Amino acid sequence: MKILVTGGAGYIGSHTCLELLNAGYEVVVLDNLYNSCEESLKRVEKLTGKKISFYEVDLLDVAGMEKLFEAEKPEAVIHFAGLKAVGESCKVPLKYFTNNLSGTINLLNVMEKYNVKKLVFSSSATVYGVQESPAYTEEMKTSSTAVSSPYGRTKLMIEDMLKDICAADPSWNVALLRYFNPIGAHESGEIGEDPQGIPNNLVPYVAKVAIGELDHINVFGDDYETPDGTCIRDYLHVVDLAIGHEKAIVKLNEEPGLVIYNLGTGKGYSVLDVIKSFEDACGKELPKVMAPRRAGDLPEYFSVPAKAEKELGWKAERGIKEMCEDTWRWQSKNPKGYRK
Ligand code: NAD
Ligand code: UFG
């Protein structure tokens, strides 16, 4: 089966391409390389010994996408391509609405035109917003007023759009995958997360402190109502997350209509837990400073992953130790990421 992976050169996309190739799928990648480079795909080819057809095309370029669909005839799409910086989305929301919303609408129109109606969409736990319990289940109500950023709203709006499309036309099959906090890297240390500039997220930031590129970690808030006062999140290994996408493709082949799954471990770790685990992985203590709370952060949430286990046969296998060790292997082997 041939799968189109949009955003396939990026962090989660490249790991997913690797798992798809290893599972015997053919892979076509569409990416405009805005936040990635082709080197990630070359490394995936080397690791798997298999080829990827790569198209440097933007989601806003409908003619470019149509050419790809005509030439490659994909049978399903995994849609990662999008902008994802929460803070930036608050400053330039229109950029996010244009890229993520218009880009996705273009993709869906091209899919419909070429009768490709199986889609896995990269959603996020951010769509839950504020809930009464921190243990998030797929049945919880989502609402745009509870979501804390324009980025999060693009995810929610796309989810809602896909629900409407599936309700109107039962020949569509769509999996909305709500990721919790993906971290880690492939165990080879050959592919991993390669943020440009100063990272926004905790683990890439910690990795840059460990490699000596940044001088200390800022812990955003130590006065939350959690056991150690720092925020709790459900971190999951990117390889487990990648495998979840392959399982979602298997599910779509059963033609279930629209399905929603949390992809997380079900366990929460605090900011200080993660830093400690990273210190163990890199074998040194890392300088840290207690800093004010970051606007928009919730004290605690984690997934209830039972539905994905029951219906997809998917369960996160890798723990926080492997997540930190694999991140460190990638970072120390590639101190400047994919750039030489
Ligand atoms: P990433 O930035 O590494 O990958 C996204 C890829 O999409 C990049 O290669 C980028 O160049 C490409 N892209 C962006 N806009 C494009 C466009 N208009 N046309 C073509 N290509 C375009 O990000 P990631 O961490 O791999 O995330 C993948 C998806 O998962 C995103 O949709 C993101 O919102 C979602 N997600 C990520 C996280 C996370 O913590 N990393 C959490 C929840 C959801
Ligand atoms: N943190 C720090 N210092 C840093 C960076 C982060 O203390 O330098 C803290 C944050 O305050 C938060 C925790 O580490 O308490 C995790 O922060 P991340 O930025 O790594 O992750 P978030 O949980 O804020 O965001 C992630 C994704 C978003 C997504 C959201 C959905 O990055 O794309 O989960 O739940 F929207």
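Let's start with the sheet: seven strands form an open sheet with parallel pairing, in the order E3-E2-E1-E4-E5-E7-E12. Keep in mind as you look at it that this is a predicted model. Which strands sit at the edges? They are strand E3 (52-55) and strand E12 (258-263), and each of them pairs on one side only. On average, neighbouring strands of this sheet are turned by 20° against each other, with direction ignored.

Strands of a sheet pair through backbone hydrogen bonds, and the pairing can be parallel or antiparallel. For an example in this model, look at strand E4 (residues 76-79) and E5: they run parallel and are joined by three bridges. You can find one pair of partners by going to Ile 78, whose bridge partner in E5 is Val 120.

H1 lies across strand E1 (2-6), strand E2 (26-30), E3, E4 and strand E7 (173-179). Relative to E2, H1 runs at about 160°.

**Around ligand 1**

Both H1 and E5 come up again when we turn to ligand 1. Helix H1 (11-22), strand E5 (118-124) and helix H6 (150-168) each supply at least two residues of the shell around this ligand. Which element gives the most to that shell? It is E5, with three residues. In total, 26 residues surround ligand 1, and the closest are Asp 31, Asn 35, Ser 36, Lys 84 and Tyr 151. Sorted by class, the shell has twelve nonpolar, ten polar and four charged residues.

Ser 36, one of the closest residues, has a polar side-chain atom 2.7 Å from an oxygen atom of ligand 1. The side chain of Lys 155 also has an N or O atom 2.9 Å from an oxygen atom of the ligand. With Leu 59, the backbone is involved: one of its N or O atoms lies 3.0 Å from a nitrogen atom of ligand 1. How much of ligand 1 does the protein cover? On its own the ligand has 820 Å² of accessible area, and the protein covers 95% of it.

**Around ligand 2**

Ligand 2 is surrounded by 19 residues, and the closest are Asn 218, Arg 233, Arg 294, Asp 297 and Tyr 301. By class, ten residues of this shell are nonpolar, six are polar and three are charged.

| Residue | Protein atom | Atom of ligand 2 | Distance |
|---|---|---|---|
| Asn 218 | polar backbone atom | nitrogen | 2.7 Å |
| Phe 220 | polar backbone atom | oxygen | 2.9 Å |
| Asp 297 | N or O atom in the side chain | oxygen | 2.6 Å |

Of the 690 Å² of accessible area that ligand 2 has on its own, the protein covers 90%. Which elements give two or more residues to its shell? They are helix H7 (202-211) and strand E9 (217-220). E9 gives the most, with three residues.

Conventions:
Residues are numbered from 1 along each chain as its sequence is written. Chains are lettered from A and ligands numbered from 1 in the order in which they are written. This is a predicted model: local features need pLDDT of at least 70, side-chain atom pairs count only at pLDDT 80 or more; totals for chains, interfaces and linings use all residues. Side-chain values use heavy atoms; hydrogens and water are left out. A residue is near a molecule or strand if one of its heavy atoms lies within 4 Å of it. A polar contact is a pair of N or O atoms within 3.5 Å; within protein, one must be able to donate a hydrogen and the other to accept it, and residues adjacent in sequence count only if both atoms are side-chain atoms. Accessible areas come from the Shrake-Rupley method with a 1.4 Å probe; for residues, only the protein chains shown count as cover. Helices (H or I, at least four residues) and strands (E, at least two) are DSSP runs, numbered from the N terminus. Ala, Val, Leu, Ile, Met, Phe, Trp, Tyr, Cys and Pro count as nonpolar, Asp, Glu, Lys and Arg as charged, and the others, Gly among them, as polar. Two strands pair if DSSP finds at least two bridges between them. Axes are lines fitted to C-alpha atoms, for helices over the stretch in contact, and angles run from 0 to 180 degrees between N-to-C directions. Contact means heavy atoms within 4.5 Å.
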